[in-house]
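Me: Please take a close look at the charged side chains in this model, and go through them in one connected account.

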Amino acid sequence: MAEIKFYPEDELVQKYVSGEFNMLDVVNHHSDEWQDEYLDYCAAHDLDITPESAEQFVEAKGEEFAAALERGDV
């Protein structure tokens, strides 16, 4: 199996905005950690591995980050 290439976030955003990547691609090319967290997220929420569930995961990650900012954890 081919190894997945990871990209910096700015490149991922560019690829997503241009239509080259869907959100599942973004998750898969972000990091090993995000891949693992996404699989756990899908299992916990009884979701299939799809671009739509990847969007939900990324939204949840954004909410976690915003909450951490409010608490002063970041």
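Reply: Helices here are DSSP runs of type H or I with at least four residues, numbered from the N terminus. The model is a predicted one. On that basis, helix α3 covers residues 32–44 and contains Asp36. Asp36 has a relative accessibility of 48%, so this residue counts as partly exposed. Asp36 also belongs to a patch of negative charge on the surface, where it gathers with Glu3, Asp32, Glu33 and Asp40. Residues qualify for such a patch if they have over 30% relative accessible area and no salt bridge; at 48%, Asp36 is above that accessibility cut-off.

Next come the salt bridges, of which the structure holds four. One of them joins Lys61 to Glu37, with 2.4 Å between the closest N and O atoms. This pair connects distant parts of the chain: Glu37 sits in helix α3 and Lys61 in helix α4 (residues 51–71), 24 residues apart. Lys61 counts as buried because its relative accessibility is 17%, and the limit for buried is under 20%. Glu37 has a relative accessible area of 26% and is therefore partly exposed.

Lys61 has a further partner in Glu64, and here the closest N and O atoms are 3.8 Å apart. The cut-off for a salt bridge is 4 Å, so the pair at 3.8 Å falls within it. Lys61 and Glu64 are both in helix α4, separated by three residues, or about one turn of the helix. Glu64 is partly exposed, as its relative accessible area is 48%. Taken together, Glu37, Lys61 and Glu64 form a linked network of salt bridges.

Another salt bridge is formed by Asp73 and Arg71, with closest N and O atoms 2.6 Å apart. Both of these residues are exposed, whereas Lys61 is buried.

Apart from neighbours within four places in sequence, Val58 is in contact with Met23, Val27 and Trp34. Tyr16 lies 42 residues from Val58 along the chain, and the C-alpha atoms of the two are separated by 13 Å.

Technical notes. Residues are numbered from 1 along each chain as its sequence is written. This is a predicted model: local features need pLDDT of at least 70, side-chain atom pairs count only at pLDDT 80 or more; totals for chains, interfaces and linings use all residues. Side-chain values use heavy atoms; hydrogens and water are left out. Patches are made of residues with over 30% relative accessible area and no salt bridge: like charges are joined within 9 Å, nonpolar side chains (Val, Leu, Ile, Met, Phe, Trp, Tyr) within 5 Å. Accessible areas come from the Shrake-Rupley method with a 1.4 Å probe; for residues, only the protein chains shown count as cover. A salt bridge is a side-chain nitrogen of Lys or Arg within 4 Å of a carboxyl oxygen of Asp or Glu. Lys and Arg count as positive and Asp and Glu as negative; His and the chain ends are not counted. The place of a charge is taken as NZ of Lys, CZ of Arg, CG of Asp or CD of Glu. Helices (H or I, at least four residues) and strands (E, at least two) are DSSP runs, numbered from the N terminus. Buried means under 20% relative accessible area, exposed over 50%, partly exposed in between (1.4 Å probe, protein chains only). Contact means heavy atoms within 4.5 Å.
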